[in-house]
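Please read this note with the model open beside it. The points below are meant for someone who has not seen it before.

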Amino acid sequence: MIRVENIIKTFGKQEVLKGISFLFEAGKTNLIIGKSGSGKTVLLKILIGLLHPDSGSVWYEDKNLTTSTKDELRQIRLQCGMLFQGNALFDSMTIEENIRFPMDMFSHKTAKEKLHRVNDCLERVSLAGINHKYPSEISGGMQKRVGIARAIVLNPKFLFCDEPNSGLDPKTSITIDNLISSITKENNITTIINTHDMNSVMEIGENICLLDNGHLAWKGQKEMVLSDQSEVLHDFIFASPFLQKLVESAK
Amino acid sequence: MNLQIFTHFGKFILWQKQIFKRPENWSMYYKETLRQMYDIGIGSFPIVFLISIFIGAVTAVQFAYQMAGTLIPRYYIGYIVRDMTIIELAPTITCLVLAGKVGSNMAAELGGMRQKEHIDAMEIMGVNTSTYLILPKLIGSLVMIPVLVCAAAIIGIAGAYLASVPTGFFMDDEFITGLRSFFVPYNVVMMFVKAFVFAYILTSVASYQGYFVRGGSIELGAASTRAVVYSNILILLADYVIALLLTV
Ligand SMILES: Nc1ncnc2c1ncn2[C@@H]1O[C@H](COP(=O)(O)OP(=O)(O)OP(=O)(O)O)[C@@H](O)[C@H]1O
Ligand SMILES: [Mg+2]
């Protein structure tokens, strides 16, 4: 469980987040949605401590991230995994070395146990057998999945995904969404996903927070999306003329 | 702009504290340190060899030219070449060249990692990136650069010998006598002090430039250039200060 309270963040004169409070629940896929440039990535980076908010606080269960020292922050981060918008796979290392890296750094397993865990994770994301390829030798969707494998290798309690399905076809997107969702359920992880993909919202939106113009414009679950009357939400969800027509005809 | 120099200087000094933290995992640091030592030591040896052999040779030839028609004893050639190489040429020229080779490489490597979010990714795993990425480089430099400087001094003297004896500028025993005259072991200490200080300067300045890079490929290029320029300036400055402190 992660709780943010009244987060304010400005860059120069631009006020990006104007007081966001929200509760990200454990064992659920929590979604941060919003238009491009609405501050999703900034909020996610504040959640994980890569950016410092101007005011407000971030709570990991009972620990306050914003006031923690560098060493405390590292302790919290040992329980975190993150999938970056641009993957951030180490490109001079093979896939196996990438996934093994967190274990090499922090666990005292033997080489054999590590290899076993790497293969488990690769299997979990349906990529068994690509151990010795380099990130540049696999497709974008595969890179995303390797990113997920690396994020879950140490069994994190908190998983952050920045646009896990940007630039992917709808089918692969759904595979990745389902993958993240089932990993969340299996290990009771607090998963936070940034997305502007409508399919994801309707598929795995168990706890949604809509950002608009720096404010928290709407919160709820996927079941409430269609029935809710919020104008901002409708603007965002039914932005495409095709969907608008579909809704019209359904009515 | 002018004030920014002070901001960077302060940030640089404060950052040094972050580098010397307890490693998360000794074996990873050990592996990375060995890699750096290999890259810095073996990787730079050819260029150091080439430069020092020529510098030794040129020193000998030009000294012969300056000595012609003076009353300076001819065996002074060995003495002058030896001390000049040990005290000044080997540490300073080697480190200036290494700032270009090793320093720009470090800045580009770290800057690339910063821009591709690799550093952020490691931070989120809980890695202390200032330590993990810089400390092995620093240790690698502090071990290998003095070795390279020492090699440069020997090779420089050999270069001087090759340029002066087989070519007939000097006799073999003149050169050797000079080489063995007035030897002050303290000069070798001075050489190592310089080598350590310069190694620290070039590694930390280059790492700082790379680690905190912002923006895109143009900024990365600029950071790599700054790494070389600033470490060169600081090395020359330190050279002067060390000379004052250790000789006067
Ligand atoms: N480091 C920064 N410096 C200055 N401004 C920034 C910085 N990072 C983000 N911003 C600004 O904050 C706003 C929100 O950016 P952010 O990256 O969070 O958008 P986003 O919601 O993730 O968009 P997208 O869906 O396109 O990824 C943007 O207007 C951007 O200009
Ligand atoms: Mg974003």
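1. Basis. This is a predicted model, in which local features need pLDDT of at least 70 and side-chain atom pairs count only at pLDDT 80 or more, while totals for chains, interfaces and linings use all residues. Residues are numbered from 1 along each chain as its sequence is written, chains are lettered from A and ligands numbered from 1 in the order in which they are written, and side-chain values use heavy atoms, with hydrogens and water left out.

2. Extent of the interface. Contact (heavy atoms within 4.5 Å) involves 22 residues of chain A and 18 residues of chain B. The buried area between the two chains is about 2000 Å²; the term stands for the accessible area (1.4 Å probe) that two parts lose on being put together, summed over both. Carbon and sulfur atoms give 64% of that area.

3. Polar pairs across the interface. Six residue pairs between chain A and chain B are in polar contact, both residues being at pLDDT 80 or more. A polar contact is a pair of N or O atoms within 3.5 Å; within protein, one must be able to donate a hydrogen and the other to accept it, and residues adjacent in sequence count only if both atoms are side-chain atoms.

4. The chain A side. Which elements of chain A each supply at least two residues of the side that touches chain B? They are α1 (40-48), α2 (70-77), β6 (80-83) and α3 (95-106). Helices (H or I, at least four residues) and strands (E, at least two) are DSSP runs, numbered from the N terminus. The largest share, five residues, comes from α3(A). By class, this side of chain A has 13 nonpolar, two polar and seven charged residues. Here Ala, Val, Leu, Ile, Met, Phe, Trp, Tyr, Cys and Pro count as nonpolar, Asp, Glu, Lys and Arg as charged, and the others, Gly among them, as polar.

5. Salt bridges between the chains. A salt bridge is a side-chain nitrogen of Lys or Arg within 4 Å of a carboxyl oxygen of Asp or Glu. The whole structure holds 22 of them over all chains, and three cross the interface of chain A and chain B. Another joins B:E123 to A:R77, at 3.1 Å. B:E123 lies in helix α4 (residues 118-125) of chain B and A:R77 in helix α2 of chain A, so this pair joins two chains. B:E123 is buried at 13% relative accessibility, and A:R77 is buried at 2%; buried means under 20% relative accessible area, exposed over 50%, and partly exposed in between (1.4 Å probe, protein chains only).

6. Salt bridges within a chain. In chain B, B:R35 and B:E32 form a salt bridge whose closest N and O atoms are 3.1 Å apart. Both residues lie in helix α2 (residues 26-67) of chain B, three residues apart, about one turn of the helix. B:R35 is partly exposed at 38%, whereas B:E32 is buried at 13%. In chain A, the side chains of A:R3 and A:E5 meet in a salt bridge at 2.2 Å from N to O.

7. Positive phi. Most residues other than glycine have a negative phi. A:N213, not a glycine, has a positive phi of about 55 degrees. A:N213 sits in the loop between β9 (207-212) and β10 (215-220) of chain A and is exposed, with a relative accessible area of 55%. For B:F182, phi is near 50 degrees. B:F182 is in the loop between α6 (172-180) and α7 (185-211) of chain B and is partly exposed at 43%.

8. A strand residue. A:S55 lies in strand β4 (residues 55-60) of chain A and is partly exposed at 32%. Leaving aside its neighbours within four places in sequence, A:S55 is in contact with A:N6, A:I7 and A:I8.

9. Metal site. Which protein atoms are donors of the magnesium ion (ligand 2)? A:T41 (OG1) and A:Q85 (OE1) are, lying 1.9 to 2.7 Å from the ion. A:T41 is in helix α1 of chain A and A:Q85 in the loop between β6 and α3 of chain A, 44 residues apart. Donors are N, O and S atoms within 2.8 Å of the metal (3.2 Å for Na, K and Ca); water is not among the atoms, so sites may look incomplete.
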